[in-house]
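Thanks for coming, everyone. I have one structure to walk through today. Let me put it on the screen.

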Amino acid sequence: VDFNLNKNWCTRPLPEPLVLRAHDDHVITCLKLDQNRIVSGSDDNTLKVWCAKTGRLLQTLAGHTGGVWASQLKDNICISGSTDRTVRVWNID
């Protein structure tokens, strides 16, 4: 296993990184991902849901009145915690 890992690491070109321009000039405070989606939370009070394969923005979750500093992702449910002292449960389908 170590030989194959080393060989692949040293001989295969690294893929180009997928860069998501997420929250303009705001700080990204939390990230969660599964096989299909990436969810980024920010101090701009929103969460953004991205396609993990293409990087396309799927939706923006707005409703918090303070920065989003915690999130969890399970199937189609995202739970976020904010400095507005609320926890929100989102159906992201």
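**A salt-bridge network, a sheet and a core**

Start with aspartate 34. Aspartate 34 is partly exposed, with a relative accessible area of 25%. Before I go on, please remember that this is a predicted model.

Which residue does aspartate 34 form a salt bridge with? The partner is arginine 37. Their closest N and O atoms are 3.5 Å apart.

Now look at arginine 37 itself. Is arginine 37 buried or exposed? Its relative accessible area is 13%. The cut-off for buried is under 20%, so arginine 37 counts as buried.

Arginine 37 also forms a salt bridge with aspartate 93. Here the closest N and O atoms are 3.2 Å apart. This pair links distant parts of the chain. Arginine 37 sits in strand β2, while aspartate 93 lies in the segment after β7, which covers 87–91. The two residues are 56 residues apart.

What about the surface at aspartate 93? Aspartate 93 has a relative accessible area of 71%. Exposed means over 50%, so aspartate 93 is exposed.

Asp34, Arg37 and Asp93 are linked in a network of salt bridges. How many salt bridges does a search of the whole structure find? The number is 2.

Zoom in on one pairing. β1 runs antiparallel to β2, residues 37–42, over 5 bridges. Across that pairing, leucine 31 stands opposite serine 40 in β2.

Last, the core. The largest nonpolar core has 10 residues. Among them are Cys30, Val39, Leu61, Cys78 and Trp90. Which elements give two or more residues to this core? They are β3, at 46–51, and β5, at 68–74.

To recap: arginine 37 bridges to aspartate 34 and to aspartate 93. Thanks, and over to you for questions.

How values were computed:
Residues numbered from 1 in each chain as written. Predicted model: local features only at pLDDT ≥ 70, side-chain atom pairs only at ≥ 80, totals over all residues. Heavy atoms only, no water. Pairing = 2+ DSSP bridges. Helix = DSSP H or I, 4+ residues; strand = E, 2+ residues; numbered from the N terminus. Core = buried A, V, L, I, M, F, W, Y, C linked by side-chain atoms within 4.5 Å. Buried < 20%, exposed > 50% of the residue type's maximum accessible area, 1.4 Å probe, protein only. Salt bridge = Lys/Arg side-chain N within 4 Å of Asp/Glu carboxyl O.
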